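Let's walk through this assembly together, one contact at a time. Have the coordinates open beside you as you read.

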Amino acid sequence: MLYFTLASKAYARNLQYRGAHMVHNIASAMFGFMYACIWIGLGADHALGEYGTQGMVAYIAFTQSALWVTSFITNGLGIPQTVRTGHISLDLMRPVHLFPHLMAREWGQIAYQFIYKSIPIYLVYYFVFSIQLPGTLTSYLYVAIALIGAAYLSICMNYLIGASALWTTESSWLYWGNHAMINLLAGFFIPIEWLPSWLQTIAWLSPYPYLLYVPTRLYLGFGDASYLWGTLFWCVLLTLICLTATLLLRRKVEVQGG
Amino acid sequence: MIEVSNIRKEFRTPVVKQGRFSGLRTLFTREYRLKEAVRGISFQVEEGEFVGYIGPNGAGKSTTIKMLTGILHPTSGHVSIGGLSPHKARREVVRNLGVVFGQRSQLWWDLPVIDSFDILARMYGVRETEKVKRMRQFAELLDLESFWATPVRKLSLGQRMRADLAAAMLHDPDVLFLDEPTIGLDVNAKRNIRQFLKRLNTEFGKTILLTTHDMDDIEQLCRRVMVINDGQLSYDGTVRSLRDTIGLPTVITVTYRGAFHIPEGYRISKEASEPELPIRLNIIAVEDHTVTIEVNRKEIHTLDILNLLAQWGELADVDMQDPDFEDVIHKVY
Amino acid sequence: MTMRSWISLYALLIRTSIRSRMQYKFNFLLGTLLAALIQISEFLMVAIVLYKFGAIQGWSMHEIGYLFAVMTLSKTIYRMFADEVHHLEKYLVNGELDQLLTRPMPVLLALLPQKFRLMPGEILQGGFLLWWSLDGMMADGQISWVAVPYTLLIIGTGAVILFSIGLATATCGFWMTRITVLQNLTEDAARSAAQYPLTLYPKWMISLLLFAIPVGLVNYVPALYILRGELGGWILPLLAVAALFCLLLSVRFWQYGITKYQSTGS
């Protein structure tokens, strides 16, 4: 119940800015439009594998919308800021575990971004590029599961980035580094199978493909549900790492005395 | 030195819409609310004066200062500093101004203090020999040397304020505008800053205009005070006569040696005594050997009161307490 | 204040900035390394497409690398010297612009020396990429050494154009206060778009990128001449004129905008 309240507060806090966010969506849509143009241009001279030009446009449309659920979330879940202001020791004193507490807030944020960013941006692409939607109900189900898993993974990764702020004052570069990795290894612009093989190997050894590539493949009807086991594996692993990180963080704050 | 005639300033702020698509509607419509921050203020400051400018939050203090320094253009009216308008000839005027905003620093955040001074010296075209001479002077007066090499972001508030003051004086301006220079400082830091300002005014003859919420600043530094309230000047005169105008009572406690006698007609009460008595005073408390009275010193000469009190018995000790300045200001607001 | 004393003031700022950055060696090296890494991963995105498909709209890997490098270097110059123009919003929101208005010089000239940002990561990445693509094209006999001075020239004009776009966008802040969204469009999106040959885009978008937000003039148009011998030699002086025109226009706009400045606070 507490967690639901935290989430709905985070959701409602954003509602007051939705007008400005709608304007921002135009800017975001321009980026996707640009990427789609590049693929259309390339598709004129080259066969674009199993996707085809239309498929690659749908690929870009989906990744660009999904970004707002699985990548563009609060920097370090806001921990770097609480470290700077010293609020972190207050948060650690609360009778709720820090990880689920921050996670609940972030779920509210993600729910808001899904409704007011992902969907409007997707609708723009849907009409501009007349994109085909998946045919079967099961694929919708798989996509939904993959997206929720991806959002969870993203929360875990940002929690770890945020926790690093206790050890270095420059944790913001980790956030940007994470974004660079998403651009490269998550299939943000180029499907992973087109990467050079060494980069593909690195990508599949990391959780990054599950953030964008896997949901998009499922959405386009190319993948099967077995991908989702990978999502589950990383969710479990990162949860364990996050819980360990909380222990270390607690010790660190106690040593520093707040 | 400073001449201000009938300046006004209106601000237009966009009206924030409520309800559905409020953000979008605010963005695309132009509906404004007019706010008159300053409504016709005039005054003159002579060379070498030290003037306090006070008023409650939101009364228009900072807006006035910003108009004097050329940051904001008045909606109407004229400002002239040393004979020039800070709006038409901003660059010439600010060359002769030192400005300190207590809430913000004009120093370079990441650079050591001394580097900020080097840059400022170039900016104002201060010659190397003069720069060195002045910095030595400031370093001594404000004790800057201990943190010359520290980046500004690592300074304490008091150190930062001292550095900022010195920075504002580096180009040796004749006029100094200080917007809440003692805000948030501890007692020691405040005293340091006040001493420095006092010397700037008395020894170097700088003209200073100071806004503050700390009445001790005004009492210890300024001879003249201006009070702004709701965009208009409600008082302009000496600190002393401000006290008198308000007419808050002075409290006098007398101790008698031996017995004393209070004549008929003076009652112990909170209200002023009947008008037919020769001297209007108010007895607050009577104890074994002491009588405490309240009296308005603007109506009665102090000697007259003492003469009267001496008639009641043999005086051993007299203690007079002038009204607290904070209370005076409270009355004006 | 004369132009010469302003430049000596700016040079002083650069010296002191570098000195104070160097005091924190570890942070400096880390930041540099990461900036370079992020830059490289950005280029890898383009490189992988080229690796997979060989060319984009008939533009070879070296040519695309050139487009990318020129854009990176122009942007780096703009952001090194005029980072505070990009961050004007901070000055408007906190009312820090007040401070600059009390300086005895035009506000823009007071704003620029507020910060000098050292960007070695971007210079390394851009410089390396430029060297790689020029070297490759010279080896193929596509271009001669003349391309080198031409390239240095257009990196300069490009920086002026990007600065003008940045300044015009920032000026909108005098009316809107919040400008990050607008910057996202006119600076980030437009610049990313020009990292590829403009022929990829629909007609209206090409004209937009050439005339309204002229990022195409930074790298694409000069590359047509320098790398492919299209257009003609007249294009370089024309670009210089265009850059100065953009600068003039945006400075005029800025001067108008600043009269609309409403300081915050009481």
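Between chain C and chain A, 3 residue pairs are in polar contact, both residues being at pLDDT 80 or more. A polar contact here is a pair of N or O atoms within 3.5 Å; within protein, one must be able to donate a hydrogen and the other to accept it, and residues adjacent in sequence count only if both atoms are side-chain atoms.

Before going further, a word on the ground rules. This is a predicted model, in which local features need pLDDT of at least 70 and side-chain atom pairs count only at pLDDT 80 or more, while totals for chains, interfaces and linings use all residues. Residues are numbered from 1 along each chain as its sequence is written, chains are lettered from A and ligands numbered from 1 in the order in which they are written, and side-chain values use heavy atoms, with hydrogens and water left out.

**Where chain C meets chain A**

Helices (H or I, at least four residues) and strands (E, at least two) are DSSP runs, numbered from the N terminus. Helix α2(C) gives the largest share of that side, 12 residues. By type, the chain C residues touching chain A divide into 21 nonpolar, 5 polar and 2 charged. In this sorting, Ala, Val, Leu, Ile, Met, Phe, Trp, Tyr, Cys and Pro count as nonpolar, Asp, Glu, Lys and Arg as charged, and the others, Gly among them, as polar.

The count of salt bridges between chain C and chain A is 0; a salt bridge is a side-chain nitrogen of Lys or Arg within 4 Å of a carboxyl oxygen of Asp or Glu. Contact, meaning heavy atoms within 4.5 Å, takes in 28 residues from chain C and 31 residues from chain A. The two chains bury about 2,800 Å² between them, and carbon and sulfur atoms give 81% of it. Buried area is the accessible area (1.4 Å probe) that two parts lose on being put together, summed over both. C:Met45, C:Ile48 and C:Phe53 supply 23% of the area that chain C buries against chain A, more than any other three residues.

One residue of helix α11 of chain C is C:Ile206. Leaving aside residues up to four places away in sequence, C:Ile206 touches C:Leu198, C:Thr199 and C:Tyr201. The C-alpha atoms of C:Ile206 and C:Ala194, 12 residues apart along the chain, are separated by 9.6 Å.

**Where chain B meets chain C**

Now turn to the other contact. Here 33 residues come from chain B and 34 residues from chain C. The area buried between chain B and chain C is about 3,000 Å², with 54% of it on carbon and sulfur atoms. B:Arg104, B:Arg122 and B:Met123 supply 22% of what chain B buries against chain C, more than any other three residues.

There are 3 salt bridges between chain B and chain C, and one pairs the side chains of B:Asp115 and C:Arg19 (3.8 Å, N to O). Polar contacts link 11 residue pairs across these two chains, both residues at pLDDT 80 or more. Helix α4(B) brings the largest share of the chain B side, 6 residues. The chain B residues touching chain C divide into 14 nonpolar, 6 polar and 13 charged.

**Within chain B**

The whole structure holds 30 salt bridges over all chains. Within chain B, B:Asp143 forms one with B:Arg162, the closest N and O atoms being 3.9 Å apart. B:Asp143 lies in the loop between α5 (128–142) and α6 (157–169) of chain B and B:Arg162 in helix α6 of chain B, so the pair ties together parts that are 19 residues apart in sequence.

**Annotated transmembrane regions**

The unreviewed UniProt entry for chain A annotates "transmembrane region" at residues 22–44, 56–74, 110–128, 140–161 and 226–249. For chain C, the unreviewed UniProt entry places that feature at residues 29–51, 146–176, 204–227 and 234–254. UniProt positions are given in the numbering used here, feature names are shortened, and annotations may be inferred rather than shown by experiment. Some of these stretches are set out below.

| Stretch | Helix and strand | End C-alpha separation |
|---|---|---|
| Chain A, residues 110–128 | 100% helix, 0% strand | 25 Å |
| Chain A, residues 226–249 | 96% helix, 0% strand | 35 Å |
| Chain C, residues 146–176 | 94% helix, 0% strand | 45 Å |
| Chain C, residues 234–254 | 95% helix, 0% strand | 30 Å |
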